[in-house]
Amino acid sequence: MIRFGQGYDVHRLVEGRPLILGGIEIPFEKGLLGHSDADVLLHTICDAILGALALGDIGKHFPDTDPLYKDIDSKKLLLDVWSMATQQGYRLGNLDTTIVAQQPKMSPYIELIRKQIAKLLSTSIENINVKATTTETLGFVGRGEGIAAIAVVSLINKESNHF
Ligand SMILES: Nc1ccn([C@@H]2O[C@H](COP(=O)(O)O)[C@@H](O)[C@H]2O)c(=O)n1
Ligand SMILES: C[C@@]1(CO)OP(=O)(O)OP(=O)(O)OC[C@H]1O
């Protein structure tokens, strides 16, 4: 059996925080605000996987009112979510993501981020795609107020002999 999930998340850009995207610290004058390390890309991947499993969303599993998750490294959240998938007998088909950011320029970091995500999901880098786009200066992203991320994932049940 194959299942699909999608995720979308947004975090506000503020001064005095590191910018962490896909588990990688990106040099920039601002960082994302959140209860956790605010890694918007890993959050949207968590949501896509939870979506494919019909298990709700990241806030349901890791509430932003719980001090346990204060400043947590989102790599830990993704590892937890991924274990929910593997425990149900799923492996990754493919993951496609988009970072929506006016700045910084993401292209120098894309391969590093792909590698990091592949490692977290115990899969080959060929199964992971990371894209970036601006909004041509339009809207909250264009004004540099925040960064959004989108993800689509396919999960394949290990019992399936179709793939
Ligand atoms: N934060 C970003 C945004 C975009 N890119 C790269 O630039 C290309 C063109 O972006 P447009 O928004 O003008 O379509 C895009 O395809 C990315 O390769 C980037 O590196 N970082
Ligand atoms: C990750 C969690 C938990 O620390 O907090 P945030 O970093 O605020 O992120 P968000 O995407 O708003 O929601 C999920 C949360 O519950």
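The model is predicted. Its protein chain contains five helices and seven strands, arranged along the sequence as β-β-β-β-α-α-α-β-α-β-α-β.

**Overall dimensions and packing**
- The radius of gyration of the protein chain is 15 Å, which agrees with the value near 15 Å for a compact globule of 163 residues.
- The C-alpha trace of the protein chain spans about 50 × 35 × 25 Å along its principal axes.
- Of the 163 residues in the protein chain, 39% are buried.
- Counting contacts between residues at least 6 apart in sequence, 74% join residues at least 24 apart.

**Nonpolar core**
- The largest nonpolar core has 44 residues, and those touching the most other members are V40, I45, C46, I49, I99, I147 and A149.
- Two or more residues of this core come from each of β2 (19-21), α1 (40-52), α3 (74-87), β5 (90-100), α4 (110-120), β6 (128-133) and β7 (146-157).
- Helix α1 supplies the largest share of the core, nine residues.
- Beyond its neighbours within four places in sequence, I99 is in contact with L21, L41, M106, V130, A132, I147 and A149.

**Ligand 1**
- A101, K105, M106, S107, A132, T133 and T134 are the residues around ligand 1.
- This shell comprises three nonpolar residues, three polar and one charged.
- M106 and A132, both in the shell of ligand 1, are also contacts of I99.

**Ligand 2**
- Ligand 2 is surrounded by 13 residues, of which G34, H35, S36, D64 and Y69 are the closest.
- Six residues of the shell around ligand 2 are nonpolar, five are polar and two are charged.

Terms used
Residues numbered from 1 in each chain as written. Chains lettered and ligands numbered in written order. Predicted model: local features only at pLDDT ≥ 70, side-chain atom pairs only at ≥ 80, totals over all residues. Near = placed C-beta within 6 Å. Nonpolar A, V, L, I, M, F, W, Y, C, P; charged D, E, K, R; others polar. Core = buried A, V, L, I, M, F, W, Y, C linked by C-beta atoms within 7 Å. Buried ≥ 20, exposed ≤ 12 C-beta atoms within 10 Å, placed from the backbone. Helix = DSSP H or I, 4+ residues; strand = E, 2+ residues; numbered from the N terminus. Contact = placed C-beta atoms within 7 Å. Rg over C-alpha atoms; globule rule 2.2 N^0.38 Å.
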